[in-house]
2 protein chains.
Amino acid sequence: MNITFADRIHGVPRSFIREILKIATDKNIISFAGGLPNPSLFPINELNQATNEVFKNAGSDALQYSNSEGYDELRKSIAKRYKDNKGINVDINQILITNGSQQALDLLGKIFLNENDEIIMEEPGYLGAIQAFSVFSPKFLSVPVYQEGMDCEALSKTITNHNPKIMYIVPNFQNPSGICYTAKNRERVAGLIKNSNILLVEDDPYGELRFNGDAQPDFKNYLPDQTIMLGTFSKTIVPSFRIGWVVAPDEIMEKLIVAKQAADLHTNFFCQMIINQYFTMFDNDAHIRKVSIAYGKQRDAMVSAIKKYFPREILFTEPDGGMFLWVTLPEGFSSMELLSLTTKKNVVFVPGNQFYTNRTGDVNTLRLNYSCANDKMIDKGIRLMAECIDELIGG
Amino acid sequence: MNITFADRIHGVPRSFIREILKIATDKNIISFAGGLPNPSLFPINELNQATNEVFKNAGSDALQYSNSEGYDELRKSIAKRYKDNKGINVDINQILITNGSQQALDLLGKIFLNENDEIIMEEPGYLGAIQAFSVFSPKFLSVPVYQEGMDCEALSKTITNHNPKIMYIVPNFQNPSGICYTAKNRERVAGLIKNSNILLVEDDPYGELRFNGDAQPDFKNYLPDQTIMLGTFSKTIVPSFRIGWVVAPDEIMEKLIVAKQAADLHTNFFCQMIINQYFTMFDNDAHIRKVSIAYGKQRDAMVSAIKKYFPREILFTEPDGGMFLWVTLPEGFSSMELLSLTTKKNVVFVPGNQFYTNRTGDVNTLRLNYSCANDKMIDKGIRLMAECIDELIGG
């Protein structure tokens, strides 16, 4: 028989990262390619205790079907964290629990994007968002991000010349670049968006993992009615549970719930209860501080190694939080070519072209992840990469 | 600001069942409206033990991100169950773990359905499938189902006059009707599909919950390369974990994995491990037999009560498995009207119009769920319903 797929699925990029990660499970490989939290920092015993409490107290209620919006007590805990940690008031009816924040992207794409609708993306930007939105065949409008945040001149032109529905950003320790928008940049960006019909999707998986400096104001403060906030426990507590959330105004929430029901009825309820139980039993902020301090040390090790081994002309970001830094080779050199050289020395990373909405060309940028490597691996891996960079640039 | 949603989301029906279920949480209500497994039959202690083993043996591996396809050991267990229980050979690479079988419907819609693509649905049919596919704005072609299975004459005409891509069926103890296609009917249906370009999606959440008679052959036997099988642990073991699966040929699996990645990266990995651990520690078949016997008794109680109280002219199915039976009022009477009468007596059910792809009109059919009610509630609820039916028909 003759199988014909929907047009939309042909436009969705496969994840190159998946392919690299398959190589990276080899124990001999030094991998800076992943985006995984460090498993040695997972609160295993705490989650085990919380799980036993859930079995003891909730019994079959923890195992039954539940409502699409999510576990009310968990939604209350999330609202409380917004209030306590950021001073933001969130109505629990505006919180929908999703399968990681990735699912929130899928649901937003579903309810907002007609074919060829325009959407502003950071360049470089989060691959998972590019994939999720691609399913709905939009037009991506790329706006470059720099050390300070978004290129406001480019953003202003884009808003003038186009009619985007959504702007998707990761303003804190962005994946892939590790940059954090300054308060000044946020204010300017918000000012440009304010009188438009653009909804701002503010994804924040890494904001709590800050090891230097102070938190910057959330976009929700500048654009209270125009901002959709995404969050997740995957980077701070436990990835495998796949529990994230979206905060959106009532009108949008109503459509999100319809889309959520159609997508999978509701998110794993048992694990929603475990996370909430964990909150009531343990000090999650202390746990997050511990993780942040550890990542800060790993970031320092990687920055030191880069300064020690890489040639001067290589640029790189020095993030104050999160799990990634971003390297720029001299103009004209290919990070894909560099990857084929480093792979021979058992070191892998993600070439930058994965993070652009137009990935046809080759680029001179690459992403390094430091959260899963120890100091020794970092030093050795960066040294081996430096040898390959010399070979590439020198040759 | 002015919010504009995507066209697709306007066509997705809200679940009326959700609204009824909100009423049904009231303890004074006798609810035949839900589609919930009986929580008193959940293997709580077994799952608690399995969970502790996962924490003990897998540690942080159970908490980390994982692959989009699903936990390999669980996929092996699923393949083994197909082999042992149905004699069907399934390659584990053709199994994708999803968030309940509901997500499989969403992913299939994504990869197959362009706007206005045609899809054959049972009439009445599963509301969750109608919702999931509606997101992709297809044209639904309804084919009636009867006591024996699908109306083959209607099916034949539909295939001749249209060009459907997919046919979605629940041949075992269908939701909402409780009917099970006979072997003869399956053979005829398969014969009609065989030389077409139609993919058959065989959803089987209830097949294992048989309390009378013998299992009927799966469509996979008749149409090995044309059948996509869906399965779930929600009805037999635990709903809140949201773990189901889809079995599809390689070419389709490749696209499903792309769609799964874009949708939510992967399904809750921790709970995949728990289910598999449960399989290694306990006799799941014995558990399912216990559940089936219990549901058989509840079904008997409901059938007896209907025979005792309902007027003779009311038709109803007498299912050999699953959780539902289907009632047909005399021509011209409205099940929505009946619901407003029974609601006053604190009895609720789902009116039949929820299960048709064209729900504009009113219908004389309704769905009764018996898996969550005990004998006393069933007797009382059916007696009160009978009073309302007398009022409706007599009035």
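Two strands count as paired here if DSSP finds at least two bridges between them, and strands themselves are DSSP runs of E with at least two residues, while helices are runs of H or I with at least four, both numbered from the N terminus. Keep that at hand for the tour.

Before you start clicking: this is a predicted model, in which local features need pLDDT of at least 70, side-chain atom pairs count only at pLDDT 80 or more, and totals for chains, interfaces and linings use all residues. Residues are numbered from 1 along each chain as its sequence is written, and chains are lettered from A and ligands numbered from 1 in the order in which they are written.

**Stop 1: the sheet of chain A**

Select the strands S2-S9-S8-S7-S6-S3-S4-S5 of chain A; in that order these 8 strands form an open sheet with mixed pairing. At its edges lie S2 (95-98) and S5 (149-150) of chain A, each pairing on one side only. Now zoom in on S2(A), which runs antiparallel to S9 (residues 244-247) of chain A over 4 bridges. Pick Thr98(A) and you will find its bridge partner, Gly244(A), in S9(A). Touching residues have C-beta atoms, placed from the backbone, within 7 Å; axes are lines fitted to C-alpha atoms, for helices over the stretch in contact, and angles run from 0 to 180 degrees between N-to-C directions.

**Stop 2: two domains**

Colour chain A by domain: domain 1 covers 7-42 + 286-394 and domain 2 covers 65-281, with bounds from an automatic or database domain assignment. Their centres, taken over C-alpha atoms, are 24 Å apart. Where they meet, domain 1 of chain A contributes 32 residues and domain 2 of chain A contributes 33. On the domain 1 side, select H12 (284-309), S11 (324-328) and S14 (365-369) of chain A, the elements that give two or more residues. H12(A) supplies the largest share, 7 residues. By class, this side of domain 1 has 16 nonpolar, 12 polar and 4 charged residues. Ala, Val, Leu, Ile, Met, Phe, Trp, Tyr, Cys and Pro count as nonpolar, Asp, Glu, Lys and Arg as charged, and the others, Gly among them, as polar.

**Stop 3: a strand in chain B**

Hop to S11 (residues 324-328) of chain B, where 4 of 5 residues are buried, that is, 20 or more other C-beta atoms lie within 10 Å of their own, with C-beta atoms placed from the backbone. S11(B) pairs antiparallel with S14 (residues 365-369) of chain B over 5 bridges, and Trp326(B) stands opposite Arg367(B) there. S10 (residues 315-316) of chain B also runs antiparallel to S11(B), joined by 2 bridges; look for Leu315(B) opposite Thr328(B).

**Stop 4: the two chains together**

Show both chains. A rotation of 180 degrees with 0.0 Å of shift along its axis places chain A on chain B with an RMSD of 0.0 Å, fitted by least squares on C-alpha atoms of residues with pLDDT of at least 70 in both. That is the relation of a two-fold axis. To find the axis, centre on Asn268(A), whose C-alpha comes closest of the residues of chain A, at 3.7 Å.

Finally, select the interface: 63 residues of chain A are in contact with 63 residues of chain B. Helices giving two or more residues on the chain A side include H1 (7-10), H3 (44-58) and H10 (250-264) of chain A, and H10(A) gives the largest share, 9 residues.

How values were computed: Buried ≥ 20, exposed ≤ 12 C-beta atoms within 10 Å, placed from the backbone. Contact = placed C-beta atoms within 7 Å.
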